[in-house]
Structures are given as C-alpha cells and as structure tokens.
Amino acid sequence: MGYFITFEGVEGSGKTTQIKLLAERLVAHDFNTTLTREPGGCAIADKIRAILLDAENRDMSPMTELMLYAAARSQHVGDIIVPALNLGNVVLCDRFFDATTAYQSFGRGIDRGAIDTLNSLACQGVAPDLTILIDCDPSIGLARARHRIETSSGPREERFELEELAFHQRVREGYQRLAMEHSHRFIVIDGNEKAEDISTMIAVQVLARIPEDLRGIR
Ligand code: TMP
C-alpha cells in the first residue's frame, strides 16, 4: 500500500501551486508520485467537474451538488487512487472528502451524517494518511481566485467563486473544525507566508512521515 496525501483550503489558498511543488520534490526523492485532483482526476469525473463548476448551473440544488461530488469521487477512487496506492505510490490529491464536509455541510448546511454516509460509499474504505490544510482568509483567497479566472483562457470554473464571502467564511471554519477533530491527520499551514517557505515547511513535514520503504518501489 502506498501513502495518500490530500490538500485542502478555501479558493485561492495556493494549494494547487503547493501540491505541484511537493510532487516535484517527492519525485526528486525517488518516490513514485501520482498527482490528481477532485472533482475530476479521470475522464468520467472530469465531465462531472464541468457540470459542477459551470456558473450557468447556479440553480443546482445542494443535494444534487453533493451527489455529483460523491459520484465523481467514486469513479476517481476506483480508476485512479486505489490502483496507484496498490502500486505503492505516494498519491497527492488536490481536495478530497474533507472538501465535501467543508463546502456541502458547513457551507451549504447539509446534515453531516448524510455527507459521511455518501463519503464512505464513494471511498471504498480509502482515507487520507495525511491532509495539508492551507489556511487563508477567504477575502484574500477569493480576490486571487477571481483574478486567476479573469486572466485564464481555460473554461470559467467559477460557480463557487460567485458565492458570497460569508459562504467561504463558513467553509474556512469547517476546515478549521475538521483539523481540530482529526488533529493526528491534519497539518495546518498559514497560507499568508511566502510560497517558497510554505513549500519547504510542507516538504519537511511530509518527508518525515512517508514510509521510507516506498522509495523507488516497483
Ligand atoms: P478547485 O477550485 O480546488 O479546483 O475545486 C473546485 C471547487 O469545488 C471548489 O470551489 C471547491 C468545490 N468542492 C466542493 O464543493 N466539494 C467537494 O467535495 C470538492 C472536492 C470540491
């Protein structure tokens, strides 16, 4: 079995930059590394991602949204995460089931019991060994995320960026709560530090935890 690391944070927290930097460092340390993301990560889940993030779908009900995240996760776990872990890889995933608790429960107000049930159905017993939470004030993160959307030529994945600030504040509080509840699994990083320093802090903590015998496996 490999080692499963997830990255979480509010919009514009810098997690996508950081996960790529960590992947480069792990490869340099001779770990077979799989970098993936949610929603998405495989062909079918990427199609579900397009529906979830399309700003034209702003009338989507919270329950439909929750079920689409679970559906995408189920496919992604089966197609990508389980096979990579079975190969002994370090799997880095940009968001995973904690995002559903933070966004759909703390953000949207859906009962946590329902979310836990769907998450466990979708995950086939897979859970992160380690979760890096990049904590960031949502008003700063949202400004960054909106700037990125305005300057990018890709699809406008902005359904959540259009949510009010109070929604993103609830999401941040949700993540902070999860980090307290699962303190053995979470590392909380201050997203206000310089990107280079954050990257070093993450690498030090991660390299101290990944089992050495996963190095160069295969
Ligand atoms: P991204 O911006 O990290 O690519 O994530 C896409 C959006 O999807 C982001 O706004 C957070 C949201 N999201 C949820 O609401 N629930 C989930 O379970 C996941 C994985 C993401």
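## An aromatic pair

Phe4 and Phe96 are both buried, where buried means under 20% relative accessible area, exposed over 50% and partly exposed in between, with a 1.4 Å probe and protein chains only. The model is predicted, so local features need pLDDT of at least 70 and side-chain atom pairs count only at pLDDT 80 or more, while totals for chains, interfaces and linings use all residues. Residues are numbered from 1 along each chain as its sequence is written, and side-chain values use heavy atoms, with hydrogens and water left out.

Rings of Phe, Tyr and Trp (its six-membered ring) pair if their centres lie within 6.5 Å; planes under 30 degrees apart count as stacked, over 60 as edge-to-face and the rest as tilted. In the pair of Phe4 and Phe96 the ring centres are 5.0 Å apart and the planes stand at 80 degrees, so the pair is edge-to-face. Phe4 belongs to strand β1 and Phe96 to the loop between β3 and α4, so that the pair links distant parts of the chain, 92 residues apart. Helices (H or I, at least four residues) and strands (E, at least two) are DSSP runs, numbered from the N terminus.

Arg73 sits over the face of Phe96, 5.4 Å from the ring centre. The criterion is NZ of Lys or CZ of Arg within 6 Å of the ring centre and within 35 degrees of the ring normal.

## Nonpolar cores

A nonpolar core is a set of buried Ala, Val, Leu, Ile, Met, Phe, Trp, Tyr and Cys residues joined through side-chain atoms within 4.5 Å. The largest has 21 residues, and Leu52, Tyr103, Phe160, Val171 and Tyr175 have the most contacts inside it. At least two residues of this core come from each of α2, α3 (62-86), α4 and α7 (165-181). The most come from α7, with five residues. A second, separate core of 20 residues includes Tyr3, Phe7, Val90 and Leu92.

Tyr69, Tyr103, Phe160, Phe167 and Tyr175 make up one aromatic cluster. Beyond four places in sequence, the contacts of Tyr103 (heavy atoms within 4.5 Å) include Arg95, Phe160, Phe167, Val171 and Tyr175. Gln104 is in helix α4 and is buried at 1% relative accessibility. Among the residues that Gln104 touches, leaving out those up to four places away, are Glu65, Tyr69, Ile115 and Phe160.

## Helix α8

The buried residues of α8 are Ile198, Ser199, Ile202, Ala203 and Val206. They lie on the same side of α8, because their arc around the axis is only 130 degrees, taken from the directions from the helix axis to the C-beta atoms. These buried residues pack against β1 (3-8), α1 (15-28), β4 and β5 (186-190). Exposed Glu196, Val204 and Ala208 are on the face turned away from the buried side.

## Backbone exceptions

Most residues other than glycine have a negative phi, and most peptide bonds are trans. The bond from Glu38 to Pro39 is cis, with omega near -10 degrees; Pro39 lies in the loop between β2 (33-37) and α2 (43-53).

Arg95 has a positive phi near 75 degrees. Its place is the loop between β3 (90-94) and α4 (97-107), and Arg95 is buried at 12% relative accessible area. Gln124 also has a positive phi, about 50 degrees, and lies in the loop between α5 (112-123) and β4 (130-135).
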